[in-house]
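These are my notebook entries on one structure. I set down what I looked up, in the order in which I looked it up.

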Amino acid sequence: MAEVEETLKRIQAHRGVFATIVTNAEGIPIRTTLDNSTTVQYAALLQQLTKKARSTVRDIDPQNDLTFLRIRSKKYEIMVAPGLSVGNGSNKSDVSNSPSGKPLISTLI
Amino acid sequence: MKTSAKKQKGKTKDKKSAKGKQTELGKKDEDLSMAAIGHPEIFPLVFTSKTQEIFNCRVNVDVTEENCFKLIKKEDIMQDLKSRAAISDFHPVKKVVLEYPGEELLVVFDANFQYGQNFYLVASEEAKQNLLEPPETAKEKEGEIEEEKEEDREETLEVPPYKPPVSKPWVSLGSEKEVEEESVKDTATKVKYMISRVRRKFGAPITFSDTNASHVKENYIECTSYQDKTFSNKILEKDMSVQMVPKVREACTQTKWTYPKNTSTQYFPRELSSEEKEESLTSEKLKDFLTSVHLSMEIALQQNEIMNAFFDDWKALAEDESSSGGKPDVSLKAYRSFTDPRYLKDRAIGCVCWHPTIYGIIAVSARERLPYEVQGNLSDKSLLQHSVILFWSFFDPINPQLILEYPEDIYCFQFNPRDPNIIAGGSINGQVVLWDISQHEEKLQHEQNDVDEMQMPAVNMPPLTQAQHSSTEPPLVRYCAISSIQYSHKKTVTDINWLPGHFEDSQTDAASENRAEICLQLLTCSPDCSVSFWDVPEAKLSEQLLSEKIKEKETLNMPLDISDILKELDFSWKPLIKINLCESDTSTEYGPIRISLKNLHYQYKTSEKMRPLNTLGAPAKESPYTEIGTSSSNNLKVLDNFSTNFFVGTEDGEIVYSDWKIDVNNDSAKQVCQKYTIHTEPINTLQRSPFFEDIILSVGGRNFAIWKEGITNGPILQSNCSAGRNTAGHWSLTRPGVFFIGRDDGNIEIWDLLKKTHEPSHFQSISKSTITFISPWTASAEKNFLAVSDDLGVLHVLKIFQTLSDPSENEHATILDYFEREIKYLKHCEKEFQEYQELQAKTELKRSWRHRGSKQV
């Protein structure tokens, strides 16, 4: 528990990180630093996107797998770290700012 | 014999054609007697050779063509028949033979096969006779003739002798009646007509004429058809049949099948309860997952820190392109031009100010047009005619919107940033004047709404407008407060600035915060070597009083004179603080023309809400033009680091940098810190950059300079001495490295520090006479205007093109870099100079020592 906390804290404390979300494999948030409605929205949308991205990667090469997903938009960047495939993984989302002042959202899924 | 011969021949024939015989037999059975041909007594037979031998009628032996008759006895035939039964040739005619009356039968050899067989039997005696007898007479005839003859002979043999007919009496059988009936007889005697004509008319020409037959009814007879009723039958009964046909019609319908469809779905997301969350948080899986994943996450975050992920290369490339590409020839486009023949005749424009809130309103102050050299002695001139500040609107280039009146010329004026309806002006006689145009504010704002309407709205005509002018004239606004002559400046008020209300200069000299945040303080300076701080609150009160009194006067319908107003005014308006600028030791006084202060938060009050400046240090594009530079420090409360330094540009061309913090008394002499003499002629512009709070542009005489506060060595940038005089200058409000310089030949120089620092990047001729004032204004992101006033009383409003108005991405940083470099260079130069001086001193010392040494020796 403590390790988990510590890791999460470390990531959250990174410069430019705006928020962190941890979800389970189904996309239900476990741990978050955002408000509930936003968290739920992010979790649902990103889970679908991650699923899609993962399936894309594996369709092209079944031996391959998705390791990281970054979505860079005008205002911020979302980083998604997926867990293991086959329903084992948890989801983690981070919202972070870039050094140029624009916020980055990073998500670990 | 004949018969046997026949038989034989028939047999041979039989052999040849058995079938034929059979058919012949058949034929024979049916048509045995040749009755078809008409010879019933003739029976054709086929005689085989055996038969022919038996009866001695062998062909060509006994019987020939000529001798074709053979008589055969009936008994022989009978015998043959008995002996040979079926195979006898006479078998088919057995009956005939039995019936034959005679004893001998005639068999005739038919060489030509007349009757179809080679023999034939004659069945009757008569025929026999006929045949036998005539053939002897007519043997040369063959075929039918012979046959006929034989027949004839046969007949004649039996026919009795011919007797000629004997006529008998006719017996009528009724035929003559028929004949009679049928015969044609003339019933009536035939009528004979003889028509004759006169001979002379024979062959004569005939003239025909037309007559209508219907006219003369006797000429013709006609039988008109008529309906004969006897022949019309009325059908009383009619046989009719009706057939029913089903009428076929096609039709189709479409039913609306309403099926339930989801219009909206309400759902809520799944959430884990807190226990579940706790559980999953403590689970091993999560731990493992995090350990595996956090490294990559940190790498990603670090990457973002290293480089700016949001840097748009493409866009940056475009900007470089635009800045390095060719600029359009004309960077300033003439937008409007305002002049008034009545008020601005023979007058120059002294000061130009944009209305801070209302778009398109610009105010100019007129002053006497003077040759440049005499400008310093403005105060000597006493002008009795009224001087005006004209308000122009973009939408009405002919008529000024508003006129602020004052007996003396106004050298400079400013809108109150908090309340743009208060205008403070400094006149050439040293007094400070206040106007209140709040009654006209609506009208001014209306002007920008009704673009096409030029007439003054009569409803909004404030009571202040006098009865003197007609309705087409713009409203005249008298000043509402004026400073006391005694305490005003002795010379022209050359610079007037509103101060933000954050500090109050009290007697105790502490700069305290004015929580009211209203700009109620004025800073003026004048070439009488003094700088004054004025406080407005009392004046405001008096304004209200004044306006009330004036209203009263209006109701009495009495004309107002200046004396009335002056009576009402509180003449005790005097400055809070008056600072004399003079050096403490040398007691040289400085006549400041322009003053620049560093101030705190500067806010402009708009009609709706406060619009605070961006205090984060990013360039404020909409920062209104003021002659006081703004600082970007956002500490309102802490006033310890409030800077009380100021720059002063004097009429001798000196730049003085000093601190007005007074130690002891209000009117004590000031301590002057720095003094720079770069310009040779009076400074006409001293302005802080809207982007950098410590960069100041000073324009005067033949050159201009950029200074940085704190750098005491000298200006960062100093221009060459130009041919003409620089009469006006201003920083650009949108680009950090751009400023405008006005010349006395009517040209505007646009300096772009990014491009060239030794000469202007652009040169444009605006007017024919001296440029007196430049004032840029940013109405919106696209609309950047530059107001340029000249000596002829014309105000030109120019539109600044995008290239000049849009800063590039890193222009701010670049300009800052440039300044830094320059500062470094200056320092380096200073250092070098110092070293050089030291070196000089050293060499001097050495020399003096040497001299001394030499002297001593």
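Is Cys829(B) buried, partly exposed or exposed? I found that Cys829(B) has a relative accessible area of 29%, so Cys829(B) is partly exposed. The term rests on cut-offs: buried means under 20% relative accessible area, exposed means over 50%, and partly exposed lies in between, with a 1.4 Å probe and protein chains only.

**Entry: ground rules.** I noted that this is a predicted model, in which local features need pLDDT of at least 70 and side-chain atom pairs count only at pLDDT 80 or more, while totals for chains, interfaces and linings use all residues. Residues are numbered from 1 along each chain as its sequence is written, chains are lettered from A and ligands numbered from 1 in the order in which they are written, and side-chain values use heavy atoms, with hydrogens and water left out.

**Entry: cysteines.** I looked for disulfides, a disulfide being a pair of cysteine sulfur atoms within 2.5 Å. The count over all chains is 0. Cys353(B) is in no disulfide, and the nearest cysteine sulfur, that of Cys351(B), is 5.5 Å away. I also recorded that Cys353(B) counts as buried because its relative accessibility is 4%.

**Entry: chain A.** I listed the helices (H or I, at least four residues) and the strands (E, at least two), which are DSSP runs numbered from the N terminus. Chain A has 2 helices and 6 strands. Along the sequence they follow the pattern α-β-β-α-β-β-β-β. Of the 109 residues in chain A, 49% are buried.

**Entry: salt bridges.** Side chains of opposite charge can pair when their charged atoms come close. I used the rule that a side-chain nitrogen of Lys or Arg must lie within 4 Å of a carboxyl oxygen of Asp or Glu. How many salt bridges does the whole structure hold over all chains? The search finds 13.

I began with Glu6(A) and Arg10(A), whose side chains form a salt bridge at 3.8 Å, N to O. These two residues are separated by about one helical turn because they are 4 residues apart in helix α1 (residues 2-13) of chain A. Arg10(A) has a relative accessible area of 37% and is therefore partly exposed.

With which residue of chain B does Arg10(A) form a salt bridge? The partner is Glu298(B), at 2.8 Å, N to O. This pair crosses between chains, from helix α1 of chain A to helix α10 (residues 284-306) of chain B. Glu298(B) counts as buried because its relative accessibility is 15%.

I then turned to helix α16 (residues 811-856) of chain B, where Glu844(B) and Arg847(B) lie 3 residues apart, about one turn of the helix. Their side chains meet in a salt bridge at 3.4 Å, N to O. Glu844(B), with a relative accessible area of 47%, is partly exposed, and Arg847(B), with 42%, is partly exposed as well.

**Entry: aromatic rings.** A pair of aromatic rings is described by the distance of the centres and the angle of the planes. Rings of Phe, Tyr and Trp (its six-membered ring) pair if their centres lie within 6.5 Å; planes under 30 degrees apart count as stacked, over 60 as edge-to-face and the rest as tilted. I found 16 aromatic pairs over all chains. In one of them, the rings of Trp257(B) and Tyr259(B) have centres 4.9 Å apart and planes at 45°, so the pair is tilted. Trp257(B) counts as exposed at 68% relative accessibility, and Tyr259(B) counts as partly exposed at 43%.

Why is the pair of Phe338(B) and Trp392(B) called stacked? Their ring centres are 5.1 Å apart and their planes stand at 25°, so the pair is stacked. The pair links distant parts of the chain, 54 residues apart: Phe338(B) is in strand β5 (residues 332-338) and Trp392(B) in strand β8 (residues 387-393), both of chain B. Both residues, Phe338(B) and Trp392(B), are buried. They belong to one aromatic cluster, which also includes Tyr335(B), Trp354(B) and Phe394(B).
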